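Me: I should like to learn how to read the features of a protein model. May we go through them one at a time, with the general idea first and the case at hand after it?

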Amino acid sequence: MKKPNRLIAPSLLSSDFSNLATQLRMIKESGADWVHLDVMDGHFVPNLTFGAPIIASLRKHSTLTFDVHLMIEKPEKWLSDYRNAGGDRITFHLEACNHAQRYLVQTRELGAAAGISLNPQTPLCGLEYLLPVCDQVLIMSVNPGFGGQSFIEPILRKISALKTLILNLGVTTCIAVDGGVSKENVQSVFSAGADVVIMGSAFFKEKDKKSLVQFAKGNSNFCV
């Protein structure tokens, strides 16, 4: 699978939940590439969001890639549900399961790109055994569960270390970064080695979303 290049994925977690179809159109018109969907169960993280039925209803309103981020316990029980709901890319947390390699393969067999996510304190060690069957590693740059948090600066070193590991292994796994990414730090995140950035509050609070997306991709001199 070809690795993406500087993609932007707004997170619906920070959008107006009262009119999600309109939010999807706004994302499309901004020039962003994916829609990031945070699924929370109130157990793995201390918050609840939405499940497969909501994603299935949203799928009817957008042709953009649906990047589903499962912040849930026992994600293996729900992989097929989120694929059937329209998830194009499905990421689950390494901390939430004991057999990650098996579930990455299973996700691919369902026809979705397979991703693994790491919380800020989770080291990269052992990840090299998963990368050959992993399309995406999602590095959390905040503690998961809530939007609007500040970016944890040392995570830049983690992104760079992962980039080096991927290059050394010769795999095509892409690096996504989620949490606290803004117009002030997005260039640093990409420079550290990210291929995809998840933008929540920074995207939905910005009036000129199209200019923000172009700036994030390095295509404009948008004012910071």
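Predicted model: local features only at pLDDT ≥ 70, side-chain atom pairs only at ≥ 80, totals over all residues.

Me: What span should helix α5 have, and what is the distance between its end C-alpha atoms?

Reply: Helices (H or I, at least four residues) and strands (E, at least two) are DSSP runs, numbered from the N terminus. The expected span of a helix is 1.5 Å times one less than its number of residues. Helix α5 has 15 residues, 155-169, and should therefore span 21 Å; its end C-alpha atoms are 21 Å apart, in agreement. Just after α5, Gly170 has a positive phi of about 70 degrees.

Me: Which residues of α5 are buried, and what covers them?

Reply: An α-helix has 3.6 residues a turn, so residues three or four places apart point the same way. Buried means under 20% relative accessible area, exposed over 50%, and partly exposed in between, with a 1.4 Å probe and protein chains only. In α5 the buried residues are Ile155, Leu156, Lys158, Ile159, Leu162, Leu165 and Ile166. Their cover includes the strands β5 (113-118), β6 (136-140) and β7 (174-178), together with helix α6 (186-192). Ser188 belongs to α6 and is partly exposed, at a relative accessible area of 40%.

Me: Which residues are buried in α1, and what does Gln23 touch?

Reply: Leu20, Ala21, Gln23, Leu24, Ile27 and Ser30 are the buried residues of α1. They pack against β1, β2, α2 (52-59), α7 and α8 (209-216). Contact means heavy atoms within 4.5 Å. Gln23 is buried, at 7% relative accessibility; residues up to four places away in sequence aside, Gln23 touches Leu12, Ser15, Asp16 and Phe204. Leu12 sits in the loop between β1 (7-10) and α1 and is buried, at 1% relative accessibility. Leu12 and Ser201 are 189 residues apart in sequence, yet their C-alpha atoms are 9.4 Å apart in space.

Me: How much space lies in the largest pocket, and which residues are closest to its centre?

Reply: Rolling a probe the size of a water molecule over the atoms shows where empty space is left. On a 1 Å grid over the protein atoms alone, a pocket is an open set of points where a 1.4 Å probe fits, with protein on both sides within 12 Å along at least five of seven lines; lining residues have an atom within 4 Å of a point. The largest pocket holds about 290 Å³. Its lining has 24 residues, of which Gly147, Gly148, Gly179, Gly180 and Gly200 are closest to the centre. The elements giving two or more residues to this lining are β2 (34-40), β8 (196-199) and α7 (201-205).

How values were computed. Residues numbered from 1 in each chain as written. Heavy atoms only, no water. Points joined across faces, edges and corners; volume = space filled by probe spheres on them.
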